[in-house]
Amino acid sequence: MPDRDPAVRPVLQGQCVWPVTPNRALVEGDASLFTAYDDPFRRPEAGFLGLPRVEFLPIHVEGIIAPAFVDWHFHYVQQRVTRHTGKPLLRWLREDAWPEEAKFSDRAFAEVAAQGFARQQLAAGTVAGACWGSPHASSLRAARAAGLRYSLIGPPVMTQGEPPSLVAPLASCLEDLKALQIEFEEALAVSPRFALSCDEQTLKELARFAFDYTLWVQTHLAENQEEVAAVAKAFPKARSYTDVYDQAGLLTPRTLLAHCIHLSEFDWRAIKQRGCIVVHCPTSNEALGSGRMPLEKVRALDIPWVLGTDVGAGPDLCMLDVIEAVMRVHDWEAPVTAVEAFFRATVSLETLETYASRKSRITRMLGTVRAGFIEFKRPVGIERSERDPEKILEAIVRAYDGNPRNSIAAVYDADCNLLYKNP
Ligand SMILES: [Zn+2]
């Protein structure tokens with residue numbers, strides 16, 4: 001039988017730094033990257049047992065190849081109000097974030113904003129993550145139409161509190177979610193904005209909705225002391241802010257909890273036992289003066305954690321900014337290396353799914369599949385022969401200096417298709 005023409009697949013070839021665990025990274029001077037998995041240098045077997053023959057077409061890369069970024073907490077609808085901070089959380093929400101989100105009821109406005117965000121997101125090297133829209137279902141549709149990159153996306157559910165322009169009755173929120181679940185399938189994230197935006201019944205109904213359709217939950221937890229005090233007043237029967245979510249059944253291994261700054265020992269143990277994932281947003285916490293997330297606590301209990309920009313409270317939608325911050329703010333209390341920071345900034349949904357569907361008591365994130373590749377520009381002083389991942393990654397972070405164009409040369413998806421090239 002004559003051989004059919006082989007399928008041609010592009011592969012990246014060049015110097016590579018690949019964090020495989022929080023404390024180990026593979027370094028190669030000139031290798032071909034066949035997959036976005038743990039062992040990216042292994043050539044996949046093909047061409048026998050009826051599998052199609054694959055011919056690999058190397059794309060030679062001058063810079064340094066690393067996994068692409070995954071941002072586990074960002075509000076695309078707040079991008080235009082970034083860098084307006086310096087106010088504490090509740091005031092910032094009232095004065096900047098919520099008025100901006102109200103504008104997304106206008107479809108044309110939402111479409112233009114989503115297109116702008118999608119462009120900047122790719123230039124910043126982010127190819128996936130957990131996105132928040134506005135409470136309007138149309139904001140999600142605009143994001144998808146614009147090609148915005150996300151693994152999960154949800155409209156913040158707000159059924160009580162401020163502001164009246166964004167609050168809607170529970171029945172209409174659930175109706176929206178049902179329609180969105182059909183369109184977005186498992187990418188729809190059930191997203192109670194925070195405890196102050198929902199009553200007990202709303203939180204319970206949302207937990208049930210997430211359970212019924214096996215969806216991820218994302219929310220904010222204990223970001224600011226004023227907020228924690230307001231939650232204690234609004235939910236007098238709950239033992240703590242964390243307990244408000246727990247009583248509703250919202251704390252599961254498919255729950256992403258952003259911030260987690262002002263928590264008690266009991267809260268931390270609850271998060272650990274329910275198996276939730278902490279999304280650490282150090283740049284946002286700095287911008288709003290929310291405080292430092294006690295990373296030493298997360299480590300002591302072996303709670304899985306990932307990184308997020310929290311744009312617009314976070315000032316910059318590039319994860320390099322977050323990496324710089326996480327390596328700086330924890331200092332001697334819980335030092336974070338560049339290898340760990342890059343690992344936490346590139347965890348894919350597949351990895352979190354593996355963790356969430358665990359059948360045993362394994363609590364670490366295992367089996368890393370990445371969402372794509374970045375070619376970083378070669379930083380000054382880093383030769384092709386350099387073997388120390390820490391040194392290479394630190395140099396990339398230093399070169400960034402607030403502008404993705406300083407660091408990022410190109411962005412590829414997991415099949416090595418070019419998504420963005422720095423002009
Ligand atoms: Zn947020």
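1. Contact here means heavy atoms within 4.5 Å. Leaving aside residues up to four places away in sequence, Gln79 touches Gly116, Phe117, Gln120, Val311 and Leu317. Gln79 sits in the loop between β4 (69-75) and α1 (89-102); helices (H or I, at least four residues) and strands (E, at least two) are DSSP runs numbered from the N terminus. Gln79 counts as buried because its relative accessibility is 16% (buried is under 20% relative accessible area, exposed over 50%, partly exposed in between, with a 1.4 Å probe and protein chains only).

2. A word on provenance: this is a predicted model, where local features need pLDDT of at least 70, side-chain atom pairs count only at pLDDT 80 or more, and totals for chains, interfaces and linings use all residues. Residues are numbered from 1 along each chain as its sequence is written, and side-chain values use heavy atoms, with hydrogens and water left out.

3. Next, the cysteines. The structure holds 0 disulfides, a disulfide being a pair of cysteine sulfur atoms within 2.5 Å. Cys276 is in none, and its nearest cysteine sulfur, that of Cys260, is 8.3 Å away. Cys276 is buried, at a relative accessible area of 0%.
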